[in-house]
Amino acid sequence: MTAQRTDQAEIERLNDLMSRVARQRDRQAFVALFHHFAPRLKSFLLRAGMEAGAAEETIQDVMVTVWHRAESFDPAQAAVSTWVFAIARNRRIDRLRRDARPAIDPNDPALVPDEADGSMETMLVEERAAELHRAIRSLPPEQADLLRMAYFEDKAHSAIAAERQLPLGTVKSRLRLAVARLRKLMAGNLEGETV
Amino acid sequence: MTHTPNHHPDSDLLLSYATGTLAQAPSLVVATHLALCPHCRAEVAGMEAIGGALLSADAGMAVSDGLLSNVLTRLDGPPPVQPPRRRLAPVGPAPVLPEPLRSYIGGDIDHIRWRRTIPGLHEADVKCSGGAVRMMRIRSGMGMPQHTHRGDEFTLVLAGGFSDDTGHYLRGDFAATDPSVDHRPIADDDGDCICIAFTDAPLRLTGRFLRWLNPLMRT
């Protein structure tokens with residue numbers, strides 16, 4: 001429970017820093033975000049197979065993008081770390097392919113809108129993110145291992161299977177179980193809060 | 001118009017898209033499904049949240065001393081260069097093709113340059129890396145030749161519909177077939193069926209009288 005409270009405090013701190021960057025162009029808040037994310041991004045990009053120099057160039061691009069796009073960050077949609085993860089993933093793909101990753105346009109008239117209003121209360125997003133941190137710590141080690149490889153090592157599931165000497169079906173089912181478990185815990189927490 | 005899809009990509013495929021390991025060609029089909037499917041959008045958002053939590057949980061690694069000051073000096077400059085945007089013709093209020101597909105075509109459905117491949121079927125290649133993507137227009141009520149695949153095939157319906165042994169597919173529905181599936185899709189008889197399809201290996205026609213067409217089929 002203590003760990004979870006710490007998680008939530010950290011998530012709230014990042015949210016607060018982010019809104020100071022968005023609203024007041026606060027450089028001190030931005031520096032604090034840099035100190036939080038730059039080392040983590042480095043670890044993420046190196047594990048994805050980038051050389052140290054390229055990784056640091058990408059970190060620069062990601063953090064400059066965070067500054068320029070701060071206003072588009074919506075705390076009712078996602079945690080700051082989720083938003084930064086998506087920027088880093090896209091930036092890595094841009095470098096790799098020299099072409100943008102195919103993605104939806106939220107303002108597209110052809111987009112089928114969410115059934116209900118998809119946005120949640122900011123508080124709920126933060127709680128959900130904290131719950132997710134706890135849930136990841138509670139994953140069985142063999143699921144957590146494969147999940148980290150899938151997210152961080154830029155390897156197809158078949159390559160993960162070869163490296164771990166597991167049948168592809170086992171890798172896929174463990175990943176599916178891990179994701180389903182995390183999604184369920186997130187949803188379960190939500191229901192508990194809203195009822 | 002706002003049919004909500006009943007057939008979805010499996011969680012494995014959505015995860016590859018969310019983590020960024022899926023190649024551009026299959027990503028285009030998955031992302032176009034996402035534009036039409038609020039359910040899978042929520043799934044992918046949840047998977048991105050897992051990515052964010054994993055990033056947060058990481059111990060991190062020391063960065064170079066000068067990195068912060070490099071970043072700070074860039075804050076007043078221009079944002080990082082983005083890949084060039086594709087040219088896009090203006091569209092009407094209710095385009096048939098959603099983004100991101102529309103950008104790859106260069107406009108809505110009237111911008112597709114169809115060519116006739118076999119009777120009742122028109123196709124158009126979509127330029128993409130990491131596999132072959134093509135648009136297909138199947139004449140209303142037509143059956144496609146029975147075929148299997150050497151690799152995966154993902155098909156997404158954009159207009160009309162089709163049926164095969166596995167079900168009935170309408171706008172936004174996503175069909176995945178692998179080498180174990182030998183199927184014969186039939187277009188609905190209430191209008192042409194327009195799909196986008198990704199294949200990572202050539203199709204094989206398996207119907208008795210159609211095997212001779214195999215050399216003519218493109219990937």
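Tutor: Of the 219 residues in chain B, 38% are buried. The model is a predicted one, and that should be kept in mind for what follows. Chain B contains 5 helices and 11 strands. Taking the contacts in chain B between residues at least 6 apart in sequence, 64% link residues that are at least 24 apart.

Confidence comes next. For chain B the mean pLDDT is 87, with 88% of the residues at 70 or more. Within chain B, confidence is highest in helix α2 (residues 24-36), where the mean is 97, and lowest in strand β11 (residues 203-205), where the mean is 58. The model as a whole has an ipTM of 0.90 and a pTM of 0.89.

Strand β6 (residues 162-164) of chain B pairs with β7(B) through 3 bridges, in the antiparallel sense. One residue pair can be picked out here: B:Phe162 has B:Tyr169, in β7(B), as its bridge partner.

Now the partner chain. Contacts between the two chains involve 54 residues of chain B and 64 residues of chain A. On the side of chain A that touches chain B, the elements giving two or more residues are α2 (27-47), α3 (52-68), α4 (80-97), α5 (122-137), α6 (141-152) and α8 (168-194) of chain A. The largest share of that side, 10 residues, is supplied by α4(A). Sorted by class, the side of chain A that touches chain B holds 35 nonpolar, 21 charged and 8 polar residues.

One helix of chain B that meets α4(A) is α3 (residues 38-57): the two axes come within 7 Å and cross at roughly 100 degrees. Angles of 65 to 115 degrees count as roughly perpendicular, and α4(A) and α3(B) are therefore roughly perpendicular to each other. From α4(A), the residues in this contact are A:Ser81, A:Thr82, A:Val84, A:Phe85 and A:Ala86. They meet B:Glu48, B:Ala49, B:Gly51, B:Gly52, B:Ala53, B:Leu55 and B:Ser56 of α3(B). By class, the residues of the contact between α4(A) and α3(B) are 6 nonpolar, 5 polar and 1 charged.

How values were computed: Residues are numbered from 1 along each chain as its sequence is written. Chains are lettered from A and ligands numbered from 1 in the order in which they are written. This is a predicted model: local features need pLDDT of at least 70, side-chain atom pairs count only at pLDDT 80 or more; totals for chains, interfaces and linings use all residues. pLDDT is the predictor's confidence in each residue, from 0 to 100. Helices (H or I, at least four residues) and strands (E, at least two) are DSSP runs, numbered from the N terminus. A residue is buried if 20 or more other C-beta atoms lie within 10 Å of its own, exposed if 12 or fewer, and partly exposed in between; C-beta atoms are placed from the backbone. Two residues are in contact if their C-beta atoms, placed from the backbone, lie within 7 Å. Ala, Val, Leu, Ile, Met, Phe, Trp, Tyr, Cys and Pro count as nonpolar, Asp, Glu, Lys and Arg as charged, and the others, Gly among them, as polar. Two strands pair if DSSP finds at least two bridges between them. Axes are lines fitted to C-alpha atoms, for helices over the stretch in contact, and angles run from 0 to 180 degrees between N-to-C directions. Angles under 35 degrees count as roughly parallel, over 145 as roughly antiparallel, 65 to 115 as roughly perpendicular and the rest as oblique.
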